[in-house]
Amino acid sequence: MSADCGHHGHKRRKIFKRICAGILIFNLVVLVTVLIVWAILQPSKPRFVLQDATVYAFNVSSPPNFLTSTFQVTLYSRNPNDKIGVYYDKLDVYASYRNQQITLRSQIPPTYQGHKEVNIWSPFIYGTSVPVAPYNALSLSQDQANGAVLLNIKIDGRVRWKVGTFISGRYHFYVSCPAFINFGAAKTNGILVENSGVKYQLVQNCKVSV
């Protein structure tokens, strides 16, 4: 009887190994198929354009080195792919100056962007008494006095790609858009809007990294 039990145990182990091998082969085939489809489709990164920026406040105090600012920016995004969709799971927008973040992060609601689709977002980004490095506060004051400040509007997010029914894992997603803002007497391309804002038409292509 013990020999019979040993025989059945050996048979079960054999069946178990075959099942594991079958699952492994199936997963491998699926992975290879997805990689082949991915290579054939050659996905392109979404295109981003900073269309305009409206400045409602931009005040530097020194010392202490604080910046209070309020902007509204218009961001254009297009998915150039024919057969690949994009899930934007997280998009945080903020402004930076010389690699220092100078506003709080504003969130764009999660969304799906289909093939060749376009999305336009107009988030507000702002910061009240945000501490600025002393050398940046000095440069900001000088730039503003000279009539122009070069900022960067940045997006930090997470995206997933959709190919047919397959949805990829999450990828870190960065966008950087230069924004050249004129101030004071050098206000040459701004349009006055309500609430004492000045709107600047920029149409700047953004750098996208995934």
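Select Asn 119 and Gln 113 in this predicted model: a polar contact of 3.0 Å joins their side chains. Asn 119 belongs to strand 7, which covers residues 118–121. Its relative accessibility is 16%, so Asn 119 counts as buried, the limit being under 20%. Leaving aside residues up to four places away in sequence, Asn 119 touches Leu 75, Tyr 76, Ser 77, Thr 111 and Gln 113.

Next, turn to the salt bridges, of which the structure holds eight. Select Asp 52 and Lys 199, whose side chains meet in one of them, at 4.0 Å from N to O. Asp 52 is in strand 1 (residues 47–61) and Lys 199 is in strand 13, so this pair ties together parts that are 147 residues apart in sequence. Which of these terms describes Asp 52: buried or exposed? With 7% relative accessibility, Asp 52 counts as buried, while Lys 199 is partly exposed, with a relative accessible area of 27%.

Now select Lys 116 and Asp 82, which form a salt bridge with their closest N and O atoms 3.5 Å apart. Lys 116 lies in the loop between strand 6 (111–113) and strand 7, and Asp 82 lies in the loop between strand 2 (66–78) and strand 3; the pair therefore ties together parts that are 34 residues apart in sequence. Lys 116 counts as partly exposed at 37% relative accessibility, and Asp 82 is exposed, with a relative accessible area of 54%.

Continue with Asp 156 and Arg 158, another salt-bridge pair, in which the closest N and O atoms are 4.0 Å apart.

Two loop residues deserve a stop. Most residues other than glycine have a negative phi. Arg 98, although not a glycine, has a positive phi of about 50 degrees. Arg 98 lies in the loop between strand 3 (84–97) and strand 4 (100–101). Ser 196 is likewise not a glycine and has a positive phi of about 65 degrees; its loop runs between strand 12 (190–193) and strand 13 (197–205). Arg 98 is exposed, with a relative accessible area of 54%, and Ser 196 is exposed, with 65%.

Finally, select Ile 15, Ile 19 and Ile 23, which form a nonpolar patch on the surface with about 270 Å² of accessible area together. Ile 19 is found in helix 1, residues 2–41, and is partly exposed, with a relative accessible area of 48%.

Technical notes: Residues are numbered from 1 along each chain as its sequence is written. This is a predicted model: local features need pLDDT of at least 70, side-chain atom pairs count only at pLDDT 80 or more; totals for chains, interfaces and linings use all residues. Side-chain values use heavy atoms; hydrogens and water are left out. Patches are made of residues with over 30% relative accessible area and no salt bridge: like charges are joined within 9 Å, nonpolar side chains (Val, Leu, Ile, Met, Phe, Trp, Tyr) within 5 Å. Accessible areas come from the Shrake-Rupley method with a 1.4 Å probe; for residues, only the protein chains shown count as cover. Helices (H or I, at least four residues) and strands (E, at least two) are DSSP runs, numbered from the N terminus. Buried means under 20% relative accessible area, exposed over 50%, partly exposed in between (1.4 Å probe, protein chains only). A polar contact is a pair of N or O atoms within 3.5 Å; within protein, one must be able to donate a hydrogen and the other to accept it, and residues adjacent in sequence count only if both atoms are side-chain atoms. Contact means heavy atoms within 4.5 Å.
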